[in-house]
Amino acid sequence: MNVSLKWLKTYIDFDFSPKELADRLTMLGIEVESIKHLGAGLEGVVVGKVESISPHPNADKLIRCQVDIGDENNLQIVCGAPNVYQGMFAPVATIGTELPTGITIKRAKLRGEESHGMLCSEKELALSDDASGLMELSSNLSVGMPLTEALGLNDVILELEITPNRPDCLSMRGVAREIRAETGNTIKYPEVALIGIDIEGDTDIREITSVTIADPDLCPRYAARVIQNVKVAESPTWVKQRLESVGIGAINNIVDITNFVLMEYGQPLHAFDYHKLAENRIVVRRAMENETITTLDEVERKLNPNMLVIADAEKPVALAGVMGGYDSEITETTKDVLLESANFHPASIRSTSKEHGLHTEASYRFERGVDPEVVISALDRAAQLIVEIAGGTICKGVLDVYPGRKKPLKIRLRKDRVNFILGTSIEVEEIEQTLSRLGFGIEPNQTEVDSFDITVPSFRLDITREIDLIEEIARVHGYDNIPTTLPKGDIPIPPLNKHEKVRKCIRNFLLSSGMMEAVNYSFIHPNSFEKIRLNDDHPLCEATKLQNPLSPEMSILRTTLIPSLLDNAQHNHNHQINNIALFEMSSVFINGNEPDRVAGILAGEIGGGVYGNPYRPPDFFDIKGIAEGILEVCGIQGYELKQTEEPTYHPGRNGEVVLGETQIGIIGEVHPGVLENYELPFKAYLFDFDIEKITDAAVFSKRFEPIPIYPSIQRDLAIVVDQDLKSDMPMDIINTTGGEWVESIRLFDVYEGNQVPGGKKSLAYTITYHSATETLTDKAVNDRHDKIVQRLNKELGAELRM
Amino acid sequence: MKAELESIQTEVLEQLKEITSPDDLETLRITYFGRNGKLTDIMKGMGKLSKEERPIVGKFANDVRATLTDAFEKTKKELEIRKQKQQLTGETIDITLPGRKPAYGKAHPVIQTLERIETIFTQMGFQTVTGPEVETEHYNFDALNTPPDHPARDLHDTFYLTDGKLLRTHTSPVQIRIMESQKPPLRIIVPGKAYRVDYDVSHTPMFHQVEGLLVDKHVTFSELKGVLVSFARQMFGDQTQMRFRPHFFPFTEPSAEADITCTVCQGKGCRTCGYTGWVEILGAGAVDPEVFKAVNYDPEEITGFAFGMGVERIANLQFRIPDIRTFYENDLRFLKQF
C-alpha cells in the first residue's frame with residue numbers, strides 16, 4: 001500500500017524525516033519497500049504565464065515567448081512547442097535547474113535569440129510520456145509558484161508491505177495508529193459532526209429504501225445512506241491529488257470520495273445510482289444458480305450460490321465486497337446516490353474474488369478483515385464529503401443492519417508470561433503504555449498480581465490470544481532491545497543416522513574421483529521415458545503429474561535421475577563442453593515413496609586433457625570402477641554383476657549390481673538409440689544406485705589386520721582362453737587353488753589380436769603369494785603356481801602364453 | 001732433491017688448475033704417480049741418499065705426495081660437481097607446462113552452502129532430519145496454523161498433484177512430523193527441497209530451505225536471537241550485524257524477519273540492499289501455540305522457536321549470480337567455478 005506523508009500528517013504529527021519514519025515503521029513490522037520523493041528534480045520549476053508570443057526571426061518552427069514567472073521582468077524563452085499560445089499557463093524550468101531527465105537548463109542562444117529557461121512538456125519533467133506539447137497548467141494557479149506545490153508533488157510516498165495479519169494498517173488511520181504507538185502523539189480524526197444537525201434533509205431514508213440481509217452468515221453488517229440531488233462532476237484538485245499520490249486514478253467526485261474514505265478509514269464503500277435499483281432497495285443474498293452480473297469492468301460474470309451479491313428487488317447489482325455492477329454505477333446523470341458501507345465474511349470474499357480472478361482494493365481488504373465498527377463513521381464521513389463537494393442533501397437517518405454484532409474481546413495478559421516468552425524484564429508501566437497507545441483497553445486483574453484484562457479494539461481482528469498481545473509488546477519494545485542469549489536447555493543426543501553416513505561416503509568418493517555434482521529440478525517432461533526407451537508399461541513410467549505445471553518440460557515428478565543427467569550431458573555438449581562427468585543425489589518419486597538415489601554419467605572425454613594426460617573416451621570399465629568404489633566405501637562385498645534387459649542400456653554392455661536377491665543398482669553403456677534421442681555423438685556410461693538399499697547393506701565396522709611380516713612373492717601368468725570366457729572364471733580358479741597364500745590377483749592385460757589364435761584372447765595376471773606364518777620358498781610357490789596352471793588348463797582349456 | 005720435489009709440487013699444482021676433464025686428470029696422475037711417473041722416479045732415487053738425509057728428504061717427499069694426493073682428490077671432486085651441474089643444466093624443463101592435476105569433482109554450489117549451514121547448526125547441537133517432499137494440505141498448511149481460507153496461503157503459490165496432494169512449499173511440515181513422533185527437548189534442522197510456482201531471475205520453482213526448530217520447557221525469544229546471531233557470524237563473518245524485524249508467519253508468534261549487514265557494501269548502502277545496508281536472510285519466530293496444540297504439546301508448558309532460510313538466497317549473497325536459474329542448468333563451466 002502507498003502512503004502519502006502529506007496526507008498522513010493530517011491525522012498525526014511526527015518529526016521524523018521520511019527515512020527515519022521508514023526505519024521506524026519497518027522495525028514495527030510495517031516494512032517500507034521504497035521511499036519516493038514525488039517532486040524530486042523539479043525544485044527549480046515554477047508556474048509561468050505566457051504573456052505574449054512572437055515569431056522567431058531566424059527559424060520557422062521556433063517561437064519567442066515572453067513569460068511571467070512572478071519576477072519584475074518577463075523572461076524571454078524560445079520554444080518550439082506547437083500548442084503554446086498567449087495566456088497559457090505552463091511549467092518553466094529556470095536557469096540552473098537539473099531536471100529529472102538529466103537536462104540542465106542554461107542560458108542559451110537559439111538561432112541568435114536569447115532564451116532564459118525552458119517551457120516544459122510532461123515528458124521533460126518525467127511526469128508522463130506525453131511529449132506532444134507543453135504541459136498546460138490551470139490558470140487559477142499563481143504565477144511563480146513552485147510546480148511541486150502547484151501539482152501537490154511536494155510529497156513523499158512510502159510503499160508499505162502490509163503482512164496478511166494486519167489489514168488494520170491498510171489505511172491512513174491505521175498507519176497513524178502505528179505512529180501513535182511509536183510516539184504517543186494523538187490522532188486527529190476528521191470531524192464528522194454535521195450529520196443529523198445541518199445537512200440531513202427532511203426525507204427519511206426508511207421511507208424511500210430498505211436493506212435486507214438474507215444471508216447474515218456472509219454479511220455481518222450492512223449500512224446505507226441516501227444523498228439526493230448531487231451533481232456528479234470532476235473532483236476538486238485536492239481530492240484528485242490525494243488519490244493520485246497513492247496511485248488511485250480519479251473517476252468522478254462521488255466515486256473519488258468513496259475511494260478517498262477507503263484510503264482514510266480502510267472501509268470499502270460503494271455508491272449506487274439510487275434510481276437504477278429495482279424498487280430502490282437492497283437485498284444482500286447468495287447469488288442464484290446461473291445468475292449473471294456485468295461488473296464495472298464491463299465483464300459479464302456467471303454467478304453461483306457460493307457467491308454473495310448485493311441485489312435489488314430483481315437482480316444482482318454488485319459482487320459483494322469485490323466490485324460494483326455496471327448497470328447501477330454512478331454516471332453524470334446520477335441525481336440520487338445510495339451509499340453502501342458494509343462488512344463481509346473474509347473467506348467468502350476471498351473465494352469469490354479468486355474464482356473471478358478479480359482482485360480489487362475492496363476485496364483485498366475484506367478478505368483480510370475489516371473492522372465492523374468503522375462502518376458507520378466511514379459512511380457518515382463519505383456522506384458529508386459528498387454534500388460538501390457534490391452538493392445535495394442527506395436523507396434523514398441511516399439504515400444499519402447488524403446481525404453479526406460481537407462483544408469486544410477480552411484477554412488475560414500476565415506480565416510474567418510476557419517476560420517468560422521474550423526473555424526480557426519488561427515492566428508493568430511499559431506494557432500499559434504500549435497497549436493503550438495501540439488502542440487496547442487495560443484493566444488490572446482483580447485477583448492476580450501483575451495481570452491484566454485487556455479489551456481488544458474492534459480493528460485488531462488479528463489479536464485473539466495472550467501470545468498475540470505479547471507480540472504487540474515485543475514489537476513496540478523493539479526486537480533489537482530484546483537480549484541475545486544462548487539456549488540454556490539440554491542438547492538432545494541425536495541418534496546415529498546411517499543413511500546420512502552412506503550419503504556422505506558416496507558423495508565424498510564421487511567428488512574425489514573427479515565427478516562434478518549436479519542438482520536438477522524434480523520435474524521432467526513426460527516424453528523423457530520414451531527418450532530413454534522405456535515402454536509405457538515400464539514401472540518407472542508411472543509418474544505423478546503436476547496439476548498446475550509451469551511448462552510441459554516441468555510437468556511430472558521424476559521417477560529416475562537418468563533423464564536429467566542425459567539432459568545435462570546434452571546441454572553441455574551443445575555448449576562444446578565434452579568432458580562430462582556428473583552425478584546427482586536426490587530422491588525420486590515412485591508410487592507415493594521417495595527413494596533416495598545416486599546416479600552419474602561419464603561421456604565424451606575423460607582425463608586431464610593436458611600434455612602427458614590426454615583426453616580419452618570413457619569405457620564400461622571406467623563406470624564399473626566408479627560403481628565398485630561406491631560399494632567399497634560403504635563396505636559392501638560379495639555382490640554380483642548380472643547382465644539385464646533394461647532398454648536404456650546397450651544390451652551387451654550393462655549389468656545390475658545384485659546382492660543376494662536384491663538389485664541395488666545398475667551400470668552400463670547408454671543404448672545408441674538413447675544417445676540419438678539426446679543428440680549425443682559419443683558414447684555415454686551411467687550408474688544408478690538405490691541409496692536406501694546400499695544403506696541396508698553397508699558395513700562400517702572395521703578391524704585391524706596385521707601388516708604382513710613375511711615377504712611376498714610375485715608371479716606373472718599369461719593364459720590364452722576362448723574369447724567369450726568371462727574373466728571371473730579364471731579368477732575363481734586362481735583364488736580357490738592358490739588358497740590362503742594368494743594375497744592378490746591383478747589382471748594387467750587383456751589382449752585379442754594377431755598374437756593369439758582367432759577366437760581366443762590372452763589374459764595376463766600378476767599373482768602375489770604370501771603367507772602369514774612363514775617365508776615362502778620359491779619351490780613352494782612354484783608348486784602352488786603350477787597347480788593353478790594345471791587346473792586352468794584342465795577346466796578352462798587355458799594354454800600358457802609364452 | 002728437495003728442490004726437485006718442490007718444483008714438482010709447484011708444477012703439479014699449476015697443472016691441476018688447468019684440468020677440465022677426468023681423462024686429463026688421470027693422464028696427469030699417471031705422469032707423476034704412475035709406475036714411471038716423475039714423482040715415482042724421484043722416490044725411487046731415495047735409496048741413493050745418505051742415512052742422515054734420507055729421513056729428512058723422505059718426510060719432505062711424503063708431505064709433497066700427501067699434498068698432491070689431496071689436490072688430485074679435490075680436483076676430482078670439483079670435476080664431478082661440475083659434471084653433475086652440467087648434466088642437470090641439460091635436464092632443464094619448461095616449468096610453465098601445465099601440471100597434471102588429479103581429477104577432483106566439486107559439490108554443487110547450493111549443496112556447498114547447504115552443508116555449511118548444516119555444519120554450523122550441528123555444532124550448536126542441532127540434529128539433521130528430513131521429510132517427504134510430496135505433502136498433504138494438513139502438514140503443509142493446516143497443522144501450521146494456515147487454514148484453507150487464510151490469506152497467508154497466497155504467499156505460497158503451490159504446485160498441486162493430481163491425487164490431492166501437493167509439493168511442500170517449505171520444509172516446515174517436517175516440524176510437525178517430528179513433534180508428532182518425539183517429545184521435547186528437540187533441536188533439529190531440516191535441510192531439503194521445497195517448491196513454489198515461480199520462475200524468474202530470482203525464483204526457481206524448486207529451491208532449498210533449511211528449517212530449524214528448538215523446543216523445550218523454557219525457550220525464549222532472546223535465545224532465538226542468540227542462535228541466529230551465532231549462525232550469522234559463523235556464516236558471514238565475525239563483523240556481521242543482524243537485526244530482527246517484526247513480521248508475520250502463521251505458525252510463529254511473535255514472528256520476525258532477520259536481516260544481516262549487506263555483504264556487498266558492509267552496510268554502507270548499495271544497489272544490492274536497496275541502499276538500506278541490510279539484506280534479508282531468514283524468517284523466524286516463537287512457535288505459535290496453535291502449532292503445539294496440533295501436535296498435542298501443552299503450550300503453557302512447552303515453548304520453542306523455529307526459523308527457515310532459503311539456501312539459494314544465502315548462496316547468492318556470496319556468489320552474486322544475476323539469474324539464479326543458472327544453478328539448475330548444470331553447465332560444467334558454471335559448476336567448476338565454485
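In chain A, strand 36 (residues 713-722) pairs with strand 39 in the antiparallel sense over two bridges, where pairing requires that DSSP finds at least two bridges between two strands, and A:Ile719 stands opposite A:Leu800 of strand 39. The model is predicted, with local features needing pLDDT of at least 70 and side-chain atom pairs counting only at pLDDT 80 or more, whereas totals for chains, interfaces and linings use all residues. Residues are numbered from 1 along each chain as its sequence is written, and chains are lettered from A and ligands numbered from 1 in the order in which they are written. Helices (H or I, at least four residues) and strands (E, at least two) are DSSP runs, numbered from the N terminus.

The open sheet of four strands in chain A has the order 37-38-36-39 with antiparallel pairing, and its edge strands are strand 37 (742-751) and strand 39 (799-800) of chain A. Helix 20 (residues 728-738) of chain A lies across strands 36, 37 and 38, running at about 155 degrees to strand 37, while helix 21 (residues 778-796) of chain A lies across strands 36, 38 and 39, at about 10 degrees to strand 36; angles run from 0 to 180 degrees between N-to-C directions, with axes fitted to C-alpha atoms, for helices over the stretch in contact.

The contact between the chains, for which C-beta atoms placed from the backbone must lie within 7 Å, takes 64 residues from chain B and 71 residues from chain A. Helix 8 (221-236) of chain B is among the contributing elements, and its seven residues form the largest share of the side of chain B that touches chain A.

Technical notes. Contact = placed C-beta atoms within 7 Å.
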